[in-house]
Amino acid sequence: MRYFSWLLILGLLGLAGCGQHEEGGGNVSLTGAGATFPQPLYAKWAAHYAQMHREVGINYQGIGSGGGIKQITEKTVDFGATDGPMTDAQLQKASGELLHIPMTLGAVVPIYNLPQVTKPLVFSGPVLADLFLGKITKWNDPQLVQLNPDAGLPDQPVTVVHRSDGSGTTYIFTDYLSKVSPAWKSGPGKATTVNWPSGRGAKGNDGVAADVKQNEGSLGYVELIYAANNNIAYGDVVNAAGQPVHASIESVSAAAGTLKDIPPDLRMSITNAEGEGAYPISGMTWILLYKQQENEAKGKALVEFLWWATHDGQALAAPLHYAPLPKELLPLIEAKLKSVTAGSKPLLTQP
Amino acid sequence: MSPVYRRWKSRLFLGLMGLALLVCLVPLASLLLTLVVKGGHVISLRFLTAGWQPVGERGGGIAHAIAGSLYLLGVATLIAAPLGLAKGLFLARGDRHWLTGPVRVLLDVMSGIPAIIVGVFVYTLVVRRGGFSLGTGFSLLAGGLALAMIMLPIFARTTEEAVRAIPPSVDEAGLALGLPRRRVVLWIVLRSAVPAVLTGLFLALARVAGEAAPLLFTAFGSNAFPGSPLEPAGSLPQLLFEYARQPFEELVRQAWGAALVLVAMILAVRLLTHAYTRWRYGGHGGHA
Amino acid sequence: MLMTTVQLDGDQTENLSCSAGASRQAFGDRVFFAVLTGASLIAPLILLLFVAVLAYGAWPSIREFGLSFLTSSVWEPNPERERYGAFPFIVGTLISATLALALAAPAGIGIATLVNEVLPSRLRGTARFLIEILATIPSVVYGLWGVFVLAPWVSGTLQPALAKPLGFIPVFGPPYEPRNMLCAVLILAIMVLPIIVSVSLDAIRSVPASYREAALGLGATRWEMVRIAVWPPARSGFIGGCILALGRALGETMAVTMVIGNGRRISASLFAASDTVASTIANQFAEAPSDLFTAALIEMALLLFVVTLSVNVIARWLIRPAARTGARP
């Protein structure tokens with residue numbers, strides 16, 4: 001009997017030991033958390049970077065932009081990620097100076113599940129606002145029919161899916177809605193999480209996409225890749241110039257191309273951009289890190305990774321439907337990365 | 001009332017109970033069937049031994065989460081086992097002490113705390129930086145601690161019962177030989193209770209192995225194999241929760257695979273301990 | 001501190017050379033049991049710490065909203081006009097747990113009775129085993145099944161079937177959402193069933209066989225025997241089991257979070273997306289955008305802690321006379 005007990009113990013130890021062998025290299029391991037919007041790209045970057053630098057392991061968890069801001073503020077992670085820039089109040093609360101490093105551009109698209117509609121629907125800003133305010137409740141509402149005369153919209157209730165977590169995608173979306181709808185601006189307003197007037201919540205871009213995909217009559221909003229990669233129908237949106245625009249790398253780049261004065265802290269909004277062919281619900285996504293790093297090895301690995309991601313790594317963006325960073329931003333980003341220090345030592349030695 | 005009426009009434013109600021049993025078996029059957037069918041398709045040697053791959057790349061597996069789960073359970077055992085053992089011994093062999101009553105009640109009460117609150121508690125006290133918190137950040141250690149807090153009351157109770165099952169005559173025999181009380185308790189009583197104590201430990205492990213709620217804000221999740229105890233760690237339940245809400249078919253498939261692996265592991269432990277208890281104590285054994 | 005020790009140690013002093021050793025032994029014993037006692041006190045200390053930590057974390061919210069936190073439905077995270085009220089979550093928690101219990105309690109007690117009183121002993125083991133499996137399956141796995149099997153069935157089959165004839169009653173009326181309160185109720189009912197069955201079974205088994213023999217001897221049918229001789233003495237066990245299950249249902253998180261739809265509103269309809277206290281914490285705690293938001297969530301955790309704690313104390317107190325052991329939490 002005693003032997004049996006020992007066997008049980010040995011078995012447990014053996015099982016625990018199994019994991020040990022698999023342990024990949026990674027003398028420095030970086031943990032990041034935040035936005036789900038760029039998660040597929042960050043995951044790809046992490047995997048690619050790990051192949052080139054076996055000594056660096058990067059673990060990114062998509063928990064929502066609100067989470068990215070909160071967790072970097074509480075220093076539970078090495079870097080945060082968000083699609084909505086931190087507010088001044090949030091920046092003040094952090095125990096050190098936080099930098100916003102733009103990583104990539106993306107589009108937020110309205111997604112829907114209407115099997116009988118084959119052509120992409122056209123939405124306008126005010127109509128989207130009314131849909132999410134719960135003022136338009138049927139798919140064959142006159143306002144929608146006017147935008148889509150031949151779509152054959154069904155007499156079916158619209159069920160709205162929004163984010164249940166703090167989200168930068170929500171920030172971009174509500175930032176846009178606040179610009180085009182006074183009712184939205186004075187109502188829910190723009191933030192990473194708002195007081196939703198209607199609908200149900202799902203966690204993450206992934207959760208919203210999965211929910212809409214599984215349920216007919218649903219309307220939601222997600223980052224483009226989540227719609228494109230999962231064959232979920234997404235609508236075109238009428239931009240400031242009055243033309244319906246399909247979300248694509250080109251139309252997002254067009255929106256970013258209209259940037260005139262870039263603020264020095266790189267916190268900027270590119271929604272409802274003026275240009276021809278500019279997709280109106282375009283957004284930028286940032287990685288957040290402390291200018292003063294506590295751990296030199298980690299800080300160095302982090303800025304080197306960010307340098308790579310904002311330069312060579314950009315080539316990986318397009319296949320995943322993200323638009324590369326505009327060229328004019330690069331010098332500003334480089335200056336930011338070079339300013340990161342540990343102690344008083346700058347961390348980026350040779351780019 | 002005629003006997004016929006009474007007999008039919010009896011049959012009717014017994015029939016209703018039978019119906020209740022059948023209705024309750026439907027979801028169980030559906031769950032197990034879906035699990036085996038959907039999960040079975042995914043499971044392969046590669047799936048069980050390979051680590052995480054980003055969506056779109058082939059050959060991703062869940063080995064990092066399996067390893068993470070085992071590490072977390074290991075840490076939880078290291079924390080909960082000594083404490084639970086001490087508590088169980090105290091409750092079973094410290095009868096006259098005025099604290100045994102309150103301690104037992106509090107243990108029972110502790111086992112009813114919702115797992116999610118344990119997560120909030122450990123986050124506030126251990127994970128978060130600043131304030132009175134230990135500030136470990138998301139870590140294997142914090143996750144293990146959260147699991148340990150759920151394990152502790154279960155393990156302490158099973159230990160108490162295991163030790164209580166050793167008749168006092170055994171103690172008396174030891175004391176009559178002139179051994180000090182502590183030796184009697186540790187060498188004779190505890191030693192005879194070891195198999196039952198271990199069974200309890202494994203049952204407690206099986207119980208917490210499936211918990212995701214306490215890990216969300218503590219171990220946090222990771223795509224990498226567990227490294228240092230101060231880094232975040234993945235786990236099967238957390239991966240399952242994560243993947244289940246993914247729109248990517250591949251990840252949903254993996255979620256089913258992971259679910260099957262998790263349930264199989266837990267059931268295996270339970271069935272083994274059950275069989276062992278039966279074999280050892282014969283007959284019906286405890287129903288564990 | 002200990003029962004027979006002193007006496008026996010006294011007997012040993014016959015052998016004089018041992019007497020110094022005996023006092024050292026007594027000292028060693030005292031240290032040993034002091035360590036045991038100390039370790040045992042960690043559980044109560046943790047509980048105290050729980051209350052302290054949660055109350056401390058919740059303080060900003062308690063100070064800001066006071067009692068209105070419990071009755072207000074406003075959930076406004078906009079930093080300029082932040083306000084939080086937990087009323088919809090409290091209602092969602094209470095509704096989901098009570099309805100789940102209303103389904104699971106009769107079924108559970110019926111099954112326990114059936115297993116112990118009617119089924120041949122061969123099948124008894126199998127039934128116990130199946131219930132055991134039901135209890136073993138982790139919450140997330142129930143959630144996974146809920147998302148991909150139960151919820152589609154509810155919205156595709158059950159909802160049309162109920163809505164057509166009964167849709168005029170608000171409970172079965174619109175809004176019809178694909179993840180909803182009913183999914184959560186059903187999944188909770190399945191999850192708490194094993195608790196009710198196993199506690200009820202213990203209660204029924206502790207009823208002396210002579211009661212049954214007496215009833216049957218008087219010519220009772222099997223059902224009458226159950227009603228007259230088995231259920232009354234087991235009743236406090238039944239109630240205890242149900243309250244224990246209630247405690248579990250109130251705090252259950254993962255499966256509910258996955259199927260309830262996370263809609264923060266109070267609706268008469270079972271088919272509306274809702275939220276519970278636990279599911280809101282699971283969804284939002286790691287990413288609360290402000291301190292007040294975090295405090296509001298911690299206050300909800302504190303609330304849930306206090307409620308489940310009281311429920312558990314009541315349940316344990318009721319179960320104690322019926323069955324001392326058994327029944328997993």
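## Two crossing helices

In chain C, the axes of helix H5 (residues 87-118) and helix H10 (residues 222-251) come within 9 Å and cross at roughly 145°, where axes are lines fitted to C-alpha atoms, for helices over the stretch in contact, and angles run from 0 to 180 degrees between N-to-C directions. Helices here are DSSP runs of H or I with at least four residues, and strands are runs of E with at least two, both numbered from the N terminus. The residues that meet include C:Thr93, C:Ala97 and C:Glu117 in H5(C), and C:Arg222, C:Phe238 and C:Cys242 in H10(C); two residues are in contact if their C-beta atoms, placed from the backbone, lie within 7 Å. The residues of this contact of H5(C) with H10(C) divide into 15 nonpolar, two polar and two charged, with Ala, Val, Leu, Ile, Met, Phe, Trp, Tyr, Cys and Pro counted as nonpolar, Asp, Glu, Lys and Arg as charged, and the others, Gly among them, as polar.

## How the model is described

This is a predicted model, in which local features need pLDDT of at least 70 and side-chain atom pairs count only at pLDDT 80 or more, while totals for chains, interfaces and linings use all residues. Residues are numbered from 1 along each chain as its sequence is written, and chains are lettered from A and ligands numbered from 1 in the order in which they are written.

## Domains of chain C

Chain C is divided into domain 1 (2-60) and domain 2 (86-325), with bounds that come from an automatic or database domain assignment. The centres of these two domains of chain C, taken over C-alpha atoms, are separated by 40 Å. Their contact takes seven residues from domain 1 and eight residues from domain 2, and the side of domain 1 that touches domain 2 has six nonpolar, one polar and no charged residues.

## Where chains A and B meet

In the contact between these chains, 34 residues of chain A are in contact with 34 residues of chain B. Helix H1 (2-22), strand S1 (28-34), helix H2 (39-52), strand S2 (56-62) and helix H9 (204-214) of chain A each supply at least two residues of the side that touches chain B, and the largest share, seven residues, comes from H1(A). By class, the residues of this side of chain A divide into twelve nonpolar, 14 polar and eight charged.
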